[in-house]
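Let's take a look at how some side chains sit together in this protein chain. Keep the structure open while you read.

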Amino acid sequence: MDNELKKTMQRYAKENDVPIIEQEGLDIILKILKKQEAKIILEIGTAIGYSALCMNEINNLMIYTIERDKLMYEQAVLNIKKAKKEDEIKLLFGDALIDEFILPPKIDVLYIDAAKSQYQRFFERFEHLVKPCGIVIFDNLKFHGYVDMELEDIKSRNLRQLIRKLKNFNEYVKTIDGYDYQFIDQGDGIGILRKLEQ
């Protein structure tokens with residue numbers, strides 16, 4: 001993606017309060033993808049297509065990405081067209097937990113960066129697509145530092161409920177059979193599950 005489009009997308013995200021991946025987290029994920037020699041990625045949570053376009057820069061990865069918000073999906077369509085990446089980034093509109101999608105039978109990477117309270121359900125729905133030795137990446141596991149706080153110190157009831165779910169998920173993800181788990185305490189907290197060879 002050219003620098004001008006990148007800056008335009010960053011500006012749009014800031015002005016419209018669209019969460020896009022932080023640079024530190026992105027750098028880590030790009031290193032992981034290079035090491036993994038990934039060819040096919042399924043991303044849950046497209047937003048405006050920023051992370052998909054950044055990931056695609058590595059060896060022109062094939063990316064399938066799902067977004068349920070119509071406005072964000074339409075913005076992502078425009079951005080992917082501007083980047084001339086329609087053949088390599090397949091945008092899918094719908095609810096990742098409900099709708100049916102045409103997806104590849106096996107993927108190298110499942111990247112989950114959508115509704116934090118639903119991480120476990122996203123994982124359970126799509127993990128069967130991950131190849132042996134493939135990986136699952138979860139972003140924002142620290143959620144701006146809130147996950148390290150005591151629940152009683154969080155004033156907002158909704159935020160407290162979300163952080164409780166994320167804390168529970170952070171414990172659950174360590175216990176999943178058939179995977180090795182690694183937590184990277186950089187960016188906003190990145191979790192990586194590596195699928196063991198069957």
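## A ring tucked away

Phe169 has a relative accessible area of 3%, so this residue counts as buried. Bear in mind that you're looking at a predicted model.

Phe169 also belongs to an aromatic cluster, together with Tyr119, Phe123, Phe138, Tyr172 and Tyr179.

## Rings in pairs

So how do you describe two rings side by side? A pair of aromatic rings is described by the distance of the centres and the angle of the planes.

How many aromatic pairs does the structure hold? There are seven. One of them joins Tyr119 and Phe138, with 5.8 Å from centre to centre and 35 degrees between the planes, and it is tilted. Tyr119 comes from helix H5 (residues 119-126) and Phe138 from strand E5 (residues 130-138), so this pair links distant parts of the chain, 19 residues apart. Tyr119 is buried at 0% relative accessible area, and Phe138 is buried at 0% too.

Phe138 has another partner, Phe169: the ring centres are 4.9 Å apart and the planes meet at 70 degrees, which is over 60, so this pair is edge-to-face. Because Phe138 lies in strand E5 and Phe169 in helix H6 (residues 157-172), the pair ties together parts 31 residues apart in sequence.

## A lysine over a ring

Now find Phe93: Lys70 lies over the face of its ring, 5.4 Å from the ring centre.

Is Asn56 buried or exposed? Its relative accessibility is 1%, under the 20% cut-off, so Asn56 counts as buried. You'll find Asn56 in helix H3 (residues 50-56). Setting aside neighbours within four places in sequence, Asn56 is in contact with Leu61, Ile63, Lys85, Glu88 and Ile89.

Note on methods. Residues are numbered from 1 along each chain as its sequence is written. This is a predicted model: local features need pLDDT of at least 70, side-chain atom pairs count only at pLDDT 80 or more; totals for chains, interfaces and linings use all residues. Side-chain values use heavy atoms; hydrogens and water are left out. Helices (H or I, at least four residues) and strands (E, at least two) are DSSP runs, numbered from the N terminus. Buried means under 20% relative accessible area, exposed over 50%, partly exposed in between (1.4 Å probe, protein chains only). Contact means heavy atoms within 4.5 Å. Rings of Phe, Tyr and Trp (its six-membered ring) pair if their centres lie within 6.5 Å; planes under 30 degrees apart count as stacked, over 60 as edge-to-face and the rest as tilted. A charge sits over a ring if NZ of Lys or CZ of Arg is within 6 Å of the ring centre and within 35 degrees of the ring normal.
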